[in-house]
Structures are given as structure tokens and as C-alpha cells.
Amino acid sequence: MPRAEDVVFPTRPERFEDRRKERQQRKVVDQFFDHATLLAISRLVSQGAIDAVDFPISTGKEGGVFRGTVGAEWRAVKVYRIANTTFRHLPPYAVEELKRETSVRNFGGLVFAWTRREHTYLGRLTEAGVRVPRPYAHFRNVLVMEFVGTVEGAAPRLKDAPIDRPAELYEELVREIGRMVGTAHLVHGDLSPYNVLYFEDRVVVIDVAQAVATTHPNARALLQRDLANFARFVTRLGHPVTPDEFFAAVGGETVGPPAAEA
Ligand SMILES: Nc1ncnc2c1ncn2[C@@H]1O[C@H](COP(=O)(O)OP(=O)(O)OP(=O)(O)O)[C@@H](O)[C@H]1O
Ligand SMILES: [Mg+2]
């Protein structure tokens with residue numbers, strides 16, 4: 001197995017041109033790459049999923065996302081922190097569901113199940129033709145997926161992207177969310193301009209681990225909340241739309257527990 005230290009931020013000549021940046025990156029390494037995570041990354045390297053983890057794209061409370069490389073291609077490597085604080089930031093209904101579905105009770109096990117869930121949902125959404133990063137691999141708390149971006153870096157989040165045609169953006173959101181609901185049978189549950197990237201003039205939905213099946217008792221309320229968020233956003237951009245219109249356009253009335261249980 002390759003040595004983890006050679007994989008995470010491998011020594012590149014250009015790194016030495018900016019010592020301060022390097023020190024900052026080291027801090028990130030210490031924060032996220034505990035021993036168990038380094039081992040998980042080594043495993044993904046020996047599986048051929050990545051050759052290296054290059055630099056941080058984003059670091060937050062629950063984990064970090066890094067750019068990685070395999071051969072001539074880039075990957076996004078999402079690392080969930082293995083800490084019992086992680087689940088404080090996650091929606092309780094989703095954690096409850098995870099606990100019911102998996103036999104694991106310890107936090108580590110739940111984090112691994114959470115990572116696997118994100119991988120599974122990304123696969124289901126990819127198959128349904130929704131624009132999401134294609135999932136490539138996962139091991140323990142580490143997920144390897146398609147990198148959305150260019151040599152300049154990761155694509156901006158929708159909230160930071162310059163949008164000059166809000167009507168088209170709305171149509172696109174209707175199409176993507178409509179496929180999520182109608183074909184993948186999932187409700188995102190945390191949809192906002194923070195969890196949608198804007199790449200090559202199109203949207204890419206990310207951060208899907210908390211999604212629920214359209215038959216989930218909370219699914220309809222979650223969809224309504226997601227769409228209210230986005231109706232406000234699109235309206236502010238200059239294309240007025242109501243949450244009800246949005247809901248109808250994505251086929252929201254099909255969402256909810258089967259009639260017999262309702
Ligand atoms: N596949 C990807 N390609 C490029 N950038 C990505 C990708 N996935 C995530 N990112 C970047 O990482 C950030 C965080 O990713 P994500 O939303 O999945 O994680 P999170 O756990 O919600 O973290 P945060 O709490 O910081 O939002 C995104 O806002 C985006 O900038
Ligand atoms: Mg997010």
C-alpha cells in the first residue's frame with residue numbers, strides 16, 4: 001500500500017514557492033486527515049480511485065472537499081469527519097432513518113453509512129440523468145466523485161455565479177428537480193444556491209446525502225422548503241416565480257407516502 005503521506009498533498013515543486021500557503025494546507029491536513037482517514041485514502045489509492053489528494057476546495061464543520069487526481073483526470077474527494085459532533089449539523093430525520101436502516105450505533109459506523117449513502121444517491125441521480133457529480137468510489141468516510149471545475153479551480157456555487165438569464169435558470173432547475181423527483185424518486189432536502197454549482201452555464205446539484213425517498217413522510221414538506229428557497233432566489237434574480245408554481249412544475253403532487261398510508 002502506498003504511504004499516505006506521499007498521497008496527501010504530495011510534494012510538488014510549486015508548493016515551495018508559497019510557504020505560507022503550504023503551512024495553511026498543513027493545518028488542514030492535521031484537522032481532517034486523522035490516522036483512520038489517511039488509511040482510508042491509502043486504500044482508495046491502492047484501489048486505483050485516486051493517485052493523490054492535491055489541495056482543499058472547501059472545508060466545513062462536517063468535513064472537507066479536496067481536489068484529487070487519477071491519471072490525467074481530476075476528482076473531488078469528500079472527507080467526512082469522524083467525530084461525534086458531525087451529526088449535530090445533520091437533519092435529525094435523516095440520521096434517524098440511517099440508524100433504522102443500518103445496524104451501526106457508533107458514530108464512526110454512522111459516518112461510513114452516511115458516506116455510502118451519498119455515493120448511492122449520486123449513482124441513482126446520475127442514472128436518472130440528473131446533473132450531479134458522478135460517484136467513482138467510497139471507502140469508510142471518504143467519497144471520490146467527479147470534479148466539477150476547470151484548471152482554474154472548482155466551479156462556483158450558484159449563489160456566487162453570475163446569472164444573466166434567470167428564466168433559463170428556472171427552466172433548468174425545473175428540469176433537474178423534476179428528474180430527481182420523477183425519475184430518481186428522491187427529494188434533495190437541503191437544496192439551496194449553496195448546494196448547486198454552476199458549471200459551463202448549467203447547474204450541477206451536490207451534497208445529496210440527506211436526500212429522502214419521495215415516499216418518505218417528510219418528503220413533501222422538504223420539497224416545499226427546497227422550492228420555496230429557490231423560488232425566492234430566482235425571483236430575486238428577476239424571474240418572478242411562486243413556490244406553488246415551482247411545486248407543480250416539478251411534479252410535486254406525486255410526492256408523499258402511498259395513498260393507503262396517507
Ligand atoms: N464534485 C465537486 N466538484 C467541485 N467542487 C465540489 C464538488 N463537491 C463539492 N464541492 C465544493 O465543496 C463544497 C462543499 O461541498 P458539499 O456541499 O458537498 O459539502 P458540505 O458537507 O455541505 O460542506 P459545507 O458545510 O461546507 O457546505 C461545495 O460548496 C463546493 O464548493
Ligand atoms: Mg453543502
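This is a short tour of the model, stop by stop.

The model is predicted: local features need pLDDT of at least 70, side-chain atom pairs count only at pLDDT 80 or more, and totals for chains, interfaces and linings use all residues. Residues are numbered from 1 along each chain as its sequence is written, while chains are lettered from A and ligands numbered from 1 in the order in which they are written.

**Ligand 1**

Select ligand 1. It is surrounded by 21 residues, and Ser-58, Gly-60, Val-65, Ala-76 and Asp-207 are the closest. A residue counts as near if its C-beta atom, placed from the backbone, lies within 6 Å. Strands E1 (52–59), E2 (63–70), E3 (73–80) and E5 (142–146) each give two or more residues to this shell. Helices (H or I, at least four residues) and strands (E, at least two) are DSSP runs, numbered from the N terminus. By type, the shell has 10 nonpolar, five polar and six charged residues. Nonpolar means Ala, Val, Leu, Ile, Met, Phe, Trp, Tyr, Cys and Pro; charged means Asp, Glu, Lys and Arg; the others, Gly among them, are polar. Domain 1 (4–9 + 27–147) and domain 2 (157–254) each supply at least three residues of the shell. These bounds come from an automatic or database domain assignment.

**Strand E5**

Now select E5. E5 pairs with E3 in the antiparallel sense over five bridges; pairing takes at least two DSSP bridges. Look for Val-79 with its bridge partner Val-142. Strand E4 (residues 135–139) also pairs with E5, antiparallel, over four bridges. There, Phe-139 stands opposite Val-142. E4 and E5 form a hairpin with two residues between them, and Arg-140 in the turn has a positive phi of about 50°.

**The core**

Next, select Leu-125, Val-187 and Val-208. They have the most contacts inside the largest nonpolar core, which has 73 residues. Such a core is a set of buried Ala, Val, Leu, Ile, Met, Phe, Trp, Tyr and Cys residues joined through C-beta atoms within 7 Å. Helix H7 (residues 219–236) gives the largest share, eight residues.

**Pro-91**

Finish at Pro-91, in the loop between E3 and helix H4 (92–101). Is Pro-91 buried or partly exposed? It is partly exposed, because 15 other C-beta atoms lie within 10 Å. Its C-alpha atom is separated by 7.3 Å from that of Gln-210, 119 residues apart along the chain.

Definitions and conventions:
Buried ≥ 20, exposed ≤ 12 C-beta atoms within 10 Å, placed from the backbone.
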